[in-house]
Amino acid sequence: EKGYETGEHAPGLKLGGCGAYKAAHHIIKTHAKVWHSYNNTWRSEQQGMVGISLTSAWGEPVDPHSQTDRDAAERYIQFHLGWFANPIYKGDYPEVMKNYVGRKSAQQGLGTSRLPTFSVQEKTYIKGTSDFLGIGHFTTRYVLQKSFPFLQASSYHTDSDLAELVDPKWPAPGPKCLYSVPWGFRRLLNFIKTQYGNPLIYVTENGVSEKVQCTQLCDEWRIEYLKGYINEILKALNDGVKVRGYTAWSLLDKFEWNKGFSERFGFYHIDFKNKNKPRYPKASVDYYKKIISANGFPNSREVMS
């Protein structure tokens, strides 16, 4: 969306309403081609695995007793995670995406939906092309129904008729978009288990950046974030979700998209102004080392079921 619709990220294209869908369509087909290439040529010799890594927040209904809010939260997940996961695990885009984008395209007087379609052959070719699912996850939103006026320019952002809210009591250690909501991760992992046949999951990204430069390297908020999210992964494992690996994001402060070096996710502080780029461990380094060496929380009483 940011690369092909809003133009915020490279390649900076502003193809309103259709650019993101076209780009995603090519990514999904290309992913399938790579999987088949490996499957046919190298798997027998190497016994490796090919998967895809998808990033998604969790969408929680504002009122869990409201069917409208529940539907909106479902749409939120389908327009984020399901957009890519559904073709790979079920052979086609989520029905709700096809319905919403198709209807809005018709209202605009377009002859075909802005959401591309897969041929029967493509659906068969794409379905099942993942030996594991990589998941990047950082935060959660409350979701409710919001209808956008028809006159408004169409976009991926408005197609799903949603509004996203946050709880002001949620901790926000990083930038304003990255609220710490650990319980959302367990729900997302269980959603994946239910929707996609309990696939093998590797958590490929999970972490938090800092609002201000932490000159004392005392990132207690990162420790609390990691503790909360890793604990929810443990609960998901107890639920029967097949999480097989976890990668904290990230080892080092680094170049972060259009935020450059200003957003720091690292366990290690990098002095970017110094020619040699020296690295300094933050407090979270020692904490995470203990988790690794214990293969769990060092003090078992920290884990609440």
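# Salt bridges, pockets and burial in a predicted model

Tutor: E210, D219, R222, D253, R264 and K282 are linked in a network of salt bridges. The structure is a predicted model, in which local features need pLDDT of at least 70 and side-chain atom pairs count only at pLDDT 80 or more, while totals for chains, interfaces and linings use all residues. Residues are numbered from 1 along each chain as its sequence is written, and side-chain values use heavy atoms, with hydrogens and water left out.

Student: What makes the contact between K104 and D161 a salt bridge?

Tutor: A salt bridge needs a side-chain nitrogen of Lys or Arg within 4 Å of a carboxyl oxygen of Asp or Glu. In K104 and D161 the closest N and O atoms are 2.6 Å apart, so the pair qualifies. Over the whole structure, a search finds 20 salt bridges.

Student: Where do K104 and D161 lie in the chain?

Tutor: K104 is in helix α4 (residues 95–107) and D161 in the loop between α6 and β5; the pair is 57 residues apart and links distant parts of the chain. Helices (H or I, at least four residues) and strands (E, at least two) are DSSP runs, numbered from the N terminus.

Student: How do you know whether K104 is buried or exposed?

Tutor: Buried means under 20% relative accessible area, exposed means over 50%, and partly exposed is in between, with a 1.4 Å probe and protein chains only. K104 has 13%, so K104 is buried. D161, at 6%, counts as buried too.

Student: Why does the pair of E164 and R141 tie together separate parts of the sequence?

Tutor: E164 lies in strand β5 and R141 in strand β4 (residues 140–145), so the pair ties together parts that are 23 residues apart in sequence. The closest N and O atoms of E164 and R141 are 3.5 Å apart, and the pair forms a salt bridge. R141 counts as buried because its relative accessibility is 13%, whereas E164, at 40%, counts as partly exposed.

Student: What separates D286 and K290 along helix α9?

Tutor: D286 and K290 are 4 residues apart in the helix, which means a separation of about one helical turn. Their side chains meet in a salt bridge at 3.5 Å, N to O. D286 is partly exposed at 44%, and K290 is partly exposed at 42%.

Student: What makes Y4, L13 and L15 a nonpolar patch?

Tutor: Patch residues have over 30% relative accessible area and no salt bridge; like charges are joined within 9 Å, and nonpolar side chains (Val, Leu, Ile, Met, Phe, Trp, Tyr) within 5 Å. Y4, at 34%, counts as partly exposed, so Y4 passes the 30% limit. Together, Y4, L13 and L15 have about 240 Å² of accessible area, as given by the Shrake-Rupley method with a 1.4 Å probe, where for residues only the protein chains shown count as cover. Y4 itself is found in the segment before α1 (19–41).

Student: What volume does the largest pocket have?

Tutor: The largest pocket has a volume of about 2,000 Å³. Of its 49 lining residues, E1, K2, H9, T55 and H80 are the closest to its centre. On a 1 Å grid over the protein atoms alone, a pocket is an open set with protein on both sides within 12 Å along at least five of seven lines, a cavity is a set of points where a 1.4 Å probe fits but cannot get out, and lining residues have an atom within 4 Å of a point. Grid points are joined across faces, edges and corners, and a volume is the space filled by probe spheres set on the points.

Student: Which element gives the most to the lining of the largest pocket?

Tutor: That is α3, with 6 residues. By class, the lining divides into 26 nonpolar, 12 polar and 11 charged residues; Ala, Val, Leu, Ile, Met, Phe, Trp, Tyr, Cys and Pro count as nonpolar, Asp, Glu, Lys and Arg as charged, and the others, Gly among them, as polar.

Student: Which residues line the largest cavity?

Tutor: The lining consists of G207, V208, R222, L226, A248, W249, S250, F265 and F267. These fall into 6 nonpolar, 2 polar and 1 charged. The volume of the largest cavity is about 30 Å³, and the search finds 1 cavity of 30 Å³ or more.

Student: Why is V181 called buried?

Tutor: V181 counts as buried because its relative accessibility is 1%. V181 has its place in the loop between β5 and α7 (183–195). From V181 to Y229 is 48 residues in sequence and 8.0 Å in space, C-alpha to C-alpha.
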